[in-house]
Amino acid sequence: MNRQAKLEVSDEVAIGIQGMNKWFGSFHVLRDIDLTVNRGERIVVCGPSGSGKSTLIRCVNALEEHQSGQIIVDGTELTSDIKNIDKIRSEVGMLFQHFNLFPHLTILENCTLAQIWVRKIPQAQAEETAMHFLTKVKIPEQADKYPGQLSGGQQQRVAIARSLCMRPRIMLFDEPTSALDPEMIKEVLDTMIELAEDGMTMMVVTHEMGFARQVANRVIFMDEGQIVEQNEPEEFFNNPQSDRTKLFLSQILGH
Amino acid sequence: MAENNASFVRHELIKEQVPPVSQRGVVKWVSENLISSPFNVIMTLLSLWIIYSIIVNSAPWFINGIWDAKSVRECYDILDGVSGACFAVLKERFPQLIYGFKYPPTEYWRPNTAVVLLLAALAPVLFRKLPQQLLGFSAIYPFLAYWLIWGGTPLVPVIAFLGLAFGIYCFRRFSARSFAFGVVIAVIAASLFWVLGGYLSEANGTFLALEAVPSRDMGGLMLNLLLGTIACSISIPLGVILALGRQSNMPIIKWICVIFIEFIRGVPLITLLFVANVILAFFFPPDTSIDLILRVIIMMTFFNSAYIAEVVRGGLAALPTGQYEAANSLGLDYAQSMRLIILPQALKISIPGIVNVSVGMLKDTTLVSIISMFDLVGMIRGPILATSEWNGVYWELFGCAAAIFFVICFSVSKYSQWLERQLETSNR
Ligand SMILES: Nc1ncnc2c1ncn2[C@@H]1O[C@H](COP(=O)(O)OP(=O)(O)OP(=O)(O)O)[C@@H](O)[C@H]1O
Ligand SMILES: [Mg+2]
């Protein structure tokens, strides 16, 4: 039933966030965030709309800049130094709600582009890697099509393969299934579950509570830019502590 | 076989049939488009009548046209009161219309060759299906064309080309450390090369030299094409750079671009041309005489690139921010994400706008006739219409100029539509 027990979590820190604050203009989006993610952990982040979940994980690969506090990813501190940022970004995979595949490139080119230009891998080898991961997400036969010709679920799996081609050590997911039709959600979640079983460190913003129960080893609940509660999934769902969490869970689970 | 009415088996397939007469071909088209309602019938008849009268009235003018005469007097004598065109002027003044009135006639083969080679150089740029090794020729072409049109020793363009290549090589070598460092080294290297090469080419001024033709002797359609192609080909990359600069988050670069674009867009082209003609000369040291053509090209390039920058900015703005974020999150740096992800998509959206601006620019090259340069229109207004032989043959001359520009601009816009369709299908 719960497979998380089987998965190893090491003591090594993958993402360390201390006293991090972020403002959009004068709007205080993230307040005093402290969070440590160890290698091999699967963190699910949930919370009401506008609570800052996306902003939090976007800060982790510097798509958003934080104004105070410290974020250390894979041993490197995020500063405004461009070299650092590009290095971090190539080590951290990111999945978006709207896939963000490159529409003018074929599926294969989507997967080889960053390998060739960032990692300087020869084209033939890059294509081999790309086909390996496209096979892993079960769409090798679509390699020569363009993203516009694929279904949403297939596009999101291509996006996963595209990230995996960079051999990231951490993967961030921002609501990867919320733009998908119900019958496609499963295929994407299955791919993510496989990733988790391979030991990938994952931070996932999602409203798929089934996924959280099955895969996560920790669930984080955010509201108004702060971490309100975090716990193991069983405890979190069966025995929420704060009133905000209870309200949120009753809205999202109750009928 | 089951005798059940619910089951049905077709034993003979129905052959393909043509639609009924009223639903196909000409009949369908006419009944839908020309006579679908009484009002439509009236409009159709009216249009037919207008087209008919235009043809009937102008046909004799064309058909009776005189192609052999020495002057407009002679034309009228031959026509003897009948309505007819005096096309003889086009025939007699053909070289002037094309090359201007000072380009040495023995050297006409040089611009001709340059035009033919221009088509060869443009082909791989315009049609990506052609082998891309041909782009090497496109890179050499500007220097070759300079030598063909202006003449002099080929050492000048060769040294210019080698200096540029040397600069690019230095940039490649040193930009790994820092972009600015690479640029500075490249500029110094190229300038040194040019200065030293300058002495060499001056000392060997007659080496393989073609007869030198000064800029002020360029004229006719050749001048329009010269201005148009140079201004367009420089202003497209410059416009893209300006558009990117305007989006930059480095405030100084951003403001330089914004001020440049807004200033140029706020000033009529004709004003800029007068500035080029008169005022720009003051900015250069007194005894350097910067060619008028060069000054005009600079102004036209600026003008065009400001407009192209705005078109490209529209294309950039139309891309979802997700594309930037996806490129960034894969670790692509700024230059890579622009070149590989953003610009290919943004430029595709901008093609109609860029072509629109560039076709406008091509036509606006005729404005130089106002600052007394003898382009196609300048030739017609000045040296041709002003002579006693051809005084008053407006229709034939300006009609011819219009026809030439129409053919060129129409081909350009057809090409751009083809390109759009091409890019469209490759993405779906
Ligand atoms: N670029 C921005 N500029 C200003 N405000 C922003 C920006 N991006 C997000 N915000 C604000 O920050 C808050 C947090 O946004 P965020 O996208 O992180 O929420 P979220 O928890 O991901 O919500 P959702 O579940 O709807 O995706 C919101 O109130 C939003 O309006
Ligand atoms: Mg969000």
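## A salt bridge within one helix

The side chains of E32(B) and K28(B) meet in a salt bridge with an N to O distance of 3.5 Å, a salt bridge being a side-chain nitrogen of Lys or Arg within 4 Å of a carboxyl oxygen of Asp or Glu. Both residues lie in helix α1 (residues 25-33) of chain B, 4 residues apart, about one turn of the helix. Helices (H or I, at least four residues) and strands (E, at least two) are DSSP runs, numbered from the N terminus. E32(B) counts as partly exposed at 47% relative accessibility, and K28(B) counts as partly exposed at 29%. Here buried means under 20% relative accessible area, exposed means over 50%, and partly exposed lies in between (1.4 Å probe, protein chains only).

## Basis of the description

This is a predicted model, in which local features need pLDDT of at least 70 and side-chain atom pairs count only at pLDDT 80 or more, while totals for chains, interfaces and linings use all residues. Residues are numbered from 1 along each chain as its sequence is written, chains are lettered from A and ligands numbered from 1 in the order in which they are written, and side-chain values use heavy atoms, with hydrogens and water left out.

## Other salt bridges

Over all chains, the count comes to 21 salt bridges. In one of them, the side chains of E41(A) and R218(A) meet at 2.9 Å, N to O. E41(A) lies in the loop between β2 (27-38) and β3 (42-46) of chain A and R218(A) in strand β9 (residues 218-223) of chain A, so this pair ties together parts that are 177 residues apart in sequence. Both E41(A) and R218(A) are buried.

R157(A) forms a salt bridge with E187(A), the closest N and O atoms being 2.9 Å apart. R157(A) belongs to helix α5 (residues 152-164) of chain A and E187(A) to helix α6 (residues 182-197) of chain A, so the pair ties together parts that are 30 residues apart in sequence. R157(A) counts as buried at 9% relative accessibility, whereas E187(A) is partly exposed, with a relative accessible area of 24%. In chain B, a network of salt bridges links R246(B), E262(B), R265(B), E310(B) and R313(B).

## Aromatic pairs

The structure holds 19 aromatic pairs over all chains. Rings of Phe, Tyr and Trp (its six-membered ring) pair if their centres lie within 6.5 Å; planes under 30 degrees apart count as stacked, over 60 as edge-to-face and the rest as tilted. The rings of F101(B) and F374(B) have centres 5.2 Å apart and planes at 85°, so the pair is edge-to-face. F101(B) lies in the loop between α5 (94-99) and α6 (109-126) of chain B and F374(B) in the loop between α15 (334-364) and α16 (376-384) of chain B, so the pair ties together parts that are 273 residues apart in sequence. F101(B) is partly exposed at 39% relative accessibility, and F374(B) is partly exposed at 31%.

F406(B) and F410(B) form a stacked pair, 5.3 Å centre to centre with 15° between the planes. Both lie in helix α17 (residues 394-427) of chain B, 4 residues apart, about one turn of the helix. F406(B) counts as exposed at 52% relative accessibility, while F410(B) counts as partly exposed at 41%. W61(B), F62(B), W67(B) and F87(B) form one aromatic cluster.

## Charges over rings

In chain A, K22(A) lies over the face of F24(A), at 4.7 Å from the ring centre. The charged end of R162(A) sits over the ring of F102(A), 4.5 Å from its centre. A charge sits over a ring if NZ of Lys or CZ of Arg is within 6 Å of the ring centre and within 35 degrees of the ring normal.

## The interface of chain B and chain A

The contact (heavy atoms within 4.5 Å) takes 20 residues from chain B and 25 residues from chain A. The two chains bury about 2000 Å² between them, 59% of it on carbon and sulfur atoms. Buried area is the accessible area (1.4 Å probe) that two parts lose on being put together, summed over both. E325(B), S329(B) and L330(B) supply 28% of the area that chain B buries against chain A, more than any other three residues.

Across this interface the rule finds 1 salt bridge. The side chains of R58(A) and E325(B) meet in a salt bridge at 2.8 Å, N to O. The elements that give two or more residues to the side of chain B that touches chain A are α14 (321-329), α15 and α17 of chain B. Of the elements, α14(B) gives the most to that side, with 7 residues.
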